[in-house]
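Subject: Model for your review

Hello,

Here is the model we talked about handing over. Please open it alongside these notes.

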Amino acid sequence: MNQIPVSRSRLRPTVLLLGFGFLYLPMLLLIIYSFNSSRLVTVWAGWSTRWYGELWQDQMMMQAVGLSLTIAFFAASTAVVLGTVAGFVLTRMGRFRGESGFAFLITAPLVMPEVITGLSLLLLFVAMGDWLGWPQQRGMGTIWIAHVTFCTAYVAVVVSSRLRELDRSVEEAAMDLGARPLKVFFVITLPIIAPAIVAGWLLAFTLSLDDLVIASFVSGPNATTLPMVVFSSVRLGVSPKINALATVIILIVSLVTFIGWWLMARAERRRGQEAAAGRGSGT
């Protein structure tokens, strides 16, 4: 048997540790400095939670958080519906006239620079305002539409890749037994691709919450998202409140990720137990 050299066996965990350190050490330092009592983020002056209190009292920051979460939720939900339909059309409808153009339009936002996308949407909203009278001013609605346009592309790619891997014999067997295509989709296809849909929703939610460039083009004076507030405040100097806000976001994301992993692991164990019980009853 071939044995792995000692140098290679030691190199792998070393590279892994360096990679994780490069990714997560800055986050750890950010969390630590969020409890710094000094106003200067690079000067440690003792432990304190004052910046969390000031963050809670910052009305502009809290309004930006609420607006960003609201837009991200509705943008991700809309993108999931449109992206799932688009992925289903690309993988289940077969060849049709204009298929290449449709696929290009779906994937174009993935490679289009955000500056070009934001500028084109700004010109679109201005032209619609002049011709149709809507929108009279840019705000939450225009940001939501803009985020849906590029989030749908990401959801469509995730869902379509899962649909291509799906064994169609299960769907065909259900239709042979008399089930209509719509019932097959909701009863069989949708539960199977549910993890991909959830992953697409989370990806779209994150992209919408993180967007700065496109939102800067299509937002108005009464709609300021969280990335816009953070960027404007950082240009004047990093405030420890930003560290506190980032720590809260990291905590929430970690908690949601852990809950999702626990639910998926429990569902996997349940499926394994049901499969084992089915094999046992079959014998």
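Below are the notes on pockets, cores and a few local features.

This is a predicted model: local features need pLDDT of at least 70, side-chain atom pairs count only at pLDDT 80 or more, and totals for chains, interfaces and linings use all residues. Residues are numbered from 1 along each chain as its sequence is written, and side-chain values use heavy atoms, with hydrogens and water left out.

**Pockets**

Terms first. A pocket is an open set of points on a 1 Å grid over the protein atoms alone, where a 1.4 Å probe fits, with protein on both sides within 12 Å along at least five of seven lines; lining residues have an atom within 4 Å of a point. Points are joined across faces, edges and corners, and a volume is the space filled by probe spheres set on them. Helices are DSSP runs (H or I, at least four residues), numbered from the N terminus.

The largest pocket has a volume of about 1600 Å³. It is lined by 43 residues, and Leu202, Phe205, Thr206, Val253 and Val256 are the closest to its centre. Two or more lining residues come from each of α1 (6–33), α2 (50–57), α3, α8 (181–192), α9, α11 (226–235) and α12 (240–282). The largest share is from α12, with 17 residues. By class, the lining has 35 nonpolar, 4 polar and 4 charged residues. Here Ala, Val, Leu, Ile, Met, Phe, Trp, Tyr, Cys and Pro count as nonpolar, Asp, Glu, Lys and Arg as charged, and the others, Gly among them, as polar.

The second largest pocket holds about 160 Å³. Of its 13 lining residues, Glu114, Phe150, Tyr154, Leu207 and Asp211 lie nearest the centre. Helices α4 (99–111), α5, α6, α9 and α10 each give two or more residues to this lining. The classes are 9 nonpolar, 1 polar and 3 charged.

**Cores**

A nonpolar core is a set of buried Ala, Val, Leu, Ile, Met, Phe, Trp, Tyr and Cys residues joined through side-chain atoms within 4.5 Å. Buried means under 20% relative accessible area, exposed over 50%, and partly exposed in between (1.4 Å probe, protein chains only).

The largest core has 25 residues; Leu121, Ile143, Val155, Val159, Ala204 and Val218 have the most contacts inside it. At least two residues each come from α3 (59–92), α5 (114–131), α6 (140–165), α9 (194–210) and α10 (213–218). The most come from α6, with 7. Another core lies apart from this one, with 10 residues, among them Ala64, Leu226, Ile242 and Leu245.

Contact means heavy atoms within 4.5 Å. Leaving out residues up to four places away in sequence, Val218 touches several residues, including Leu121, Phe125, Arg138 and Ile143.

**Local features**

Val213 lies in α10. Is Val213 buried or partly exposed? Val213 counts as partly exposed because its relative accessibility is 28%. Its C-alpha is 9.2 Å from that of Pro227, 14 residues away in sequence. Pro227 is buried, as are Leu226, Met228 and Val229 in α11.

Asp58 sits in the loop between α2 and α3. Asp58 is buried, at 16% relative accessible area. A polar atom of the Asp58 side chain lies 3.3 Å from the backbone nitrogen of Met60.

Two backbone points remain. Trp134 and Pro135 are joined by a cis peptide bond, with omega about -5 degrees. Pro135 is in the loop between α5 and α6.

Best wishes

Notes:
A polar contact is a pair of N or O atoms within 3.5 Å; within protein, one must be able to donate a hydrogen and the other to accept it, and residues adjacent in sequence count only if both atoms are side-chain atoms.
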